[in-house]
Amino acid sequence: MGRLSVTLCGIEIDNPVIPASGTFGYGYEFAEIYDINCLGTFSFKGTTKDPRFGNPTPRIAECYAGMINAVGLQNPGVEKVIEEELPKLAKCFHKPVMANVSGFAIEDYAYTCEKLDKEPQVGWLEVNISCPNVHGGGMTFGTDPEQAAAVVRAVKAVTTKPVFVKLTPNVTDIVAIAKACEAAGADGISLINTMLGMRIDLKTRKPVIANTMGGFSGPAIFPVALRMVYQVAHAVKIPVIGIGGVSTAEDVIEMMLAGATAVEVGAANLVDPMVCRKIIEELPAVMDTYRIDNLKDIIGGVR
């Protein structure tokens, strides 16, 4: 493979650039704009056991250097994803895809993961225990080491593919939760999910978002994400995927130096749908600028 390639739980991918769940749909929408096979892989829209309409509108609020969203995991449910979405994806994406899974009970996670684990297109399962936009389940599991570990054990008992656990930054000790997930059998850690934020409309004196609060993402959270990736990558022996405010090739390299094996791009996709392709195209020149021969060589390069 080339100088941009990395290995993620035994699966080699062409480059470390991965569009993040919730910002790339099920892939085929972006395939109308460019050939998405240039991506390392992507994490598809968060999928739950049952269909979800999501939260009431308005769901999006702009803010300085980022955005707040409270979509609420709108998706057609795992059965429809398998029957309808994955066949559409197979026509335009010819690499293993990352399946992002959310739930409201441990049994939900296990059920959905077991279903998706059987799909040949799925290379990895990304278990989201960190969504701040749903009531019950979601982030609740990701703020307690014991509950996080319980989800991991339940999912690992019914799956054979690598399981990444997506963690919330809305905690006091991210390392304790990551280590609990590792001890329970997680194959990797994805971090961070969105922070918790809100905006108020000065004219109405009411929250801008119907849900009051939502997930804060975008360039403003990059330093927080980088810090947590650094902390976790140096505390666990499993690979870390870095997420949070990434929008340039330089950001990707910074995340990898902090310890990330791969990097997800989230909110930037909503600003520029071409951003992931641009980052991939720009990486070789940026690597040359900083005298990097191979991306594998810089993972965890900062101690």
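How many bridges join strand β4 to strand β5, and do they run parallel or antiparallel? Four bridges join them, and the two strands run antiparallel. Here are some notes to read beside the model, which is a predicted one.

1. **The chain as a whole.** The secondary structure of the protein chain comes to 10 helices and 15 strands. Its radius of gyration is 18 Å, close to the 19 Å that the globule rule gives for 303 residues, so the chain is as compact as a globular protein of that length. Along the principal axes, the C-alpha trace spans about 50 × 45 × 40 Å.

2. **Burial and contacts.** Of the 303 residues, 57% count as buried. If you look at contacts with a separation of 6 or more, 71% of them are between residues 24 or more positions apart.

3. **The β4–β5 hairpin.** Back to the opening pair: strand β4 covers residues 60–63 and strand β5 covers residues 66–69. Alanine 61 has isoleucine 68 of β5 as its bridge partner. Two residues lie between the strands of this hairpin. Alanine 65 is found in that loop between β4 and β5, and its phi is near 55 degrees, a positive value in a residue other than glycine. That is worth a look on your screen, as most residues other than glycine have a negative phi.

4. **From β5 on to β13.** Strand β5 also pairs with strand β13 (residues 214–217), in the antiparallel sense and over three bridges. Here isoleucine 68 turns up again, standing opposite phenylalanine 216 in β13. In the loop between β12 (206–207) and β13 you will find threonine 212. Threonine 212 has a positive phi too, near 75 degrees, and with a relative accessible area of 33% this residue is partly exposed.

5. **The seven-stranded sheet.** An open sheet of seven strands has the order β3-β15-β14-β9-β8-β7-β6, with parallel pairing. Its edge strands are β3 and β6 (97–101), each of which pairs on one side only. On average, and ignoring direction, neighbouring strands of this sheet are turned by 25 degrees against each other.

6. Strand β7 (residues 122–128) and strand β8 (residues 163–166) pair in the parallel sense over four bridges.

7. **Helix α10.** This helix (residues 275–289) has 15 residues and reaches 20 Å from its first C-alpha to its last, close to the 21 Å expected at 1.5 Å a residue. Where does α10 bend? The bend is at leucine 283, by about 40 degrees, and a proline, proline 284, follows within four residues. After the helix comes arginine 291, with a positive phi near 55 degrees.

8. **How α10 sits on the sheet.** Helix α10 lies across β3 and β15, running at about 175 degrees to β3. Its buried residues are Val275, Cys276, Ile279, Ile280, Leu283, Val286 and Met287. What covers them includes β3 (17–19), α8 (249–258), β15 (262–265) and α9 (268–271). An α-helix has 3.6 residues a turn, so residues three or four places apart point the same way.

9. **Two cis peptide bonds.** Most peptide bonds are trans, which makes these two worth checking. The bond from threonine 57 to proline 58 is cis, with omega near 0 degrees, and proline 58 lies in the loop between α1 (28–31) and β4. Another cis bond joins leucine 191 and isoleucine 192, where omega is about 15 degrees. Isoleucine 192 lies in the loop between β9 (188–191) and β10 (195–197).

10. **Glycine 244.** Is glycine 244 buried or exposed? It counts as buried because its relative accessibility is 7%, and the cut-off for buried is under 20%. Glycine 244 is placed in the loop between β14 (240–243) and α8. Leaving aside neighbours within four places in sequence, glycine 244 is in contact with Ile221, Phe222, Ala225, Met255 and Glu264. Of these, alanine 225 is 19 residues away in sequence and 5.3 Å away in space, C-alpha to C-alpha.

Key. Residues numbered from 1 in each chain as written. Predicted model: local features only at pLDDT ≥ 70, side-chain atom pairs only at ≥ 80, totals over all residues. Heavy atoms only, no water. Expected span 1.5 Å × (residues − 1). Bend = angle between axes of the 7 residues up to and from the residue. Buried < 20%, exposed > 50% of the residue type's maximum accessible area, 1.4 Å probe, protein only. Contact = heavy atoms within 4.5 Å. Pairing = 2+ DSSP bridges. Axes fitted to C-alpha atoms, helices over the stretch in contact; angles between N-to-C directions. Rg over C-alpha atoms; globule rule 2.2 N^0.38 Å.
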